[in-house]
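Thanks for making time. I have one structure to go through, and I will keep to what can be read from it.

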Amino acid sequence: MPRSTLLIASINMDKVDKSDKRQMRLRNGLVTRHAYSVTGLARVRGQLGDTHLVRLRNPWGRGEWNGPWSERSWEWDSLSERDKELLSVRVRNEGEFWMSFDDFAKQFSHLDLVHIGPDDWMSEPALHSKKPWRAVLARRR
């Protein structure tokens, strides 16, 4: 059983004044200084070969990627009907979208792994089928 870990991606604009904490919607649809959850991975075979995809979710339900592999992009046309259905079934929530791993690596500046602590694990029934994380302190001299 996997442990309960969240992957959170964000875009921090280094070129923008660091004292300016405002969020900006970029031309590609993504929002800076905002947490996107990584909700899935897939590999698809299209006319241009294999492509690795990352599924992300914006909890606001808006601010979705509008580049390659976005909801209405032409890349979906090269997939089999079975693949299209499998991937579309997995995008259940508003604000959830796919993008290629290459675009993901170019667009997002940070990827954080967030581990659910024992207290949160106990209070969240959906996590009870997962193994909890243990804290271990090792002192070395």
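I will take the sheet, then the cores, then the aromatic rings, and end with a few single residues.

A word of caution before that: this is a predicted model.

Let me begin with the sheet. Five strands form it, and it is open, with the order S4-S3-S2-S1-S5 and antiparallel pairing. The edges are taken by S4, residues 96-100, and S5, residues 110-115; each has a single partner strand, so one side of each has no neighbour in the sheet. On average, neighbouring strands are turned by 40 degrees against each other, direction ignored.

Now the pairings one by one. S1, residues 5-10, runs antiparallel to S5, and six bridges join them. Within that pairing, Thr5 stands opposite His115. S1 also pairs with S2, again in the antiparallel sense, over two bridges. There, Ala9 faces Tyr36 as its opposite residue in S2. Then there is S3, residues 49-57, which pairs with S4 over five bridges, antiparallel as well. In that pairing Leu56 has Phe97 of S4 as its bridge partner.

Next, the cores. Which residues make up the largest nonpolar core? There are 12 of them: Ala9, Ile11, Leu30, Val31, Tyr36, Val54, Leu56, Trp65, Phe97, Met99, Phe104 and Phe108. S3 and S4 are the elements that give two or more residues to this core. Apart from it lies another core, of eight residues, including Val44, Leu53, Trp76 and Trp98. As background, nonpolar side chains tend to be buried together in soluble globular proteins.

Let me stay with one member of the largest core, Leu30. If we leave aside neighbours within four places in sequence, the contacts of Leu30 include Ile11, Tyr36, Trp65, Phe97, Met99 and Phe108. Leu30 also touches Met24, Arg25, Gly63, Glu64 and Gln107.

On to the rings. The structure holds five aromatic pairs. I will show two of them.

In what geometry do Tyr36 and Phe108 pair? Their ring centres are 5.5 Å apart and the planes stand at 75 degrees, so this pair is edge-to-face. The two residues come from distant parts of the chain, 72 residues apart: Tyr36 is in strand S2, residues 36-46, and Phe108 is in the loop between helix H2, residues 101-107, and S5. Both Tyr36 and Phe108 are buried.

The other pair is Phe101 with Phe104, and it is tilted, with 6.1 Å centre to centre and 35 degrees between the planes. Both residues lie in helix H2, three residues apart, or about one turn of the helix. Phe101 has a relative accessible area of 43% and is partly exposed, whereas Phe104, at 9%, is buried.

Ring pairs link Tyr36, Phe97, Phe101, Phe104 and Phe108 into a cluster.

Finally, some single residues, starting with Ser100. Ser100 is in strand S4. Is Ser100 buried or exposed? Its relative accessibility is 9%, so Ser100 counts as buried. A polar atom of the Ser100 side chain lies 3.0 Å from the backbone nitrogen of Asp103. Beyond four places away in sequence, Ser100 touches Thr51, His52, Leu53, Pro68 and Trp69.

That brings up Trp69, which sits in the loop between S3 and H1. Trp69 is not a glycine, yet it has a positive phi of about 75 degrees. At 7% relative accessibility, Trp69 counts as buried.

Leu79 is also in the loop between S3 and helix H1, residues 81-90. Leu79 is buried too, with a relative accessibility of 5%. Its contacts, leaving aside neighbours within four places in sequence, are Val44, Arg45, Gly46, Trp69, Lys84 and Leu87. The C-alpha atoms of Leu79 and Gln47 are 7.9 Å apart, although 32 residues separate the two along the chain.

Arg33 is not a glycine either, and it has a positive phi of about 50 degrees. At 22% relative accessibility, Arg33 counts as partly exposed.

That is what I have; I will take questions now.

Note on methods
Residues numbered from 1 in each chain as written. Predicted model: local features only at pLDDT ≥ 70, side-chain atom pairs only at ≥ 80, totals over all residues. Heavy atoms only, no water. Pairing = 2+ DSSP bridges. Helix = DSSP H or I, 4+ residues; strand = E, 2+ residues; numbered from the N terminus. Axes fitted to C-alpha atoms, helices over the stretch in contact; angles between N-to-C directions. Core = buried A, V, L, I, M, F, W, Y, C linked by side-chain atoms within 4.5 Å. Buried < 20%, exposed > 50% of the residue type's maximum accessible area, 1.4 Å probe, protein only. Contact = heavy atoms within 4.5 Å. Phe/Tyr/Trp six-rings, centres within 6.5 Å; stacked < 30°, edge-to-face > 60°. Polar contact = N/O pair within 3.5 Å; in protein donor to acceptor, adjacent residues only side chain to side chain.
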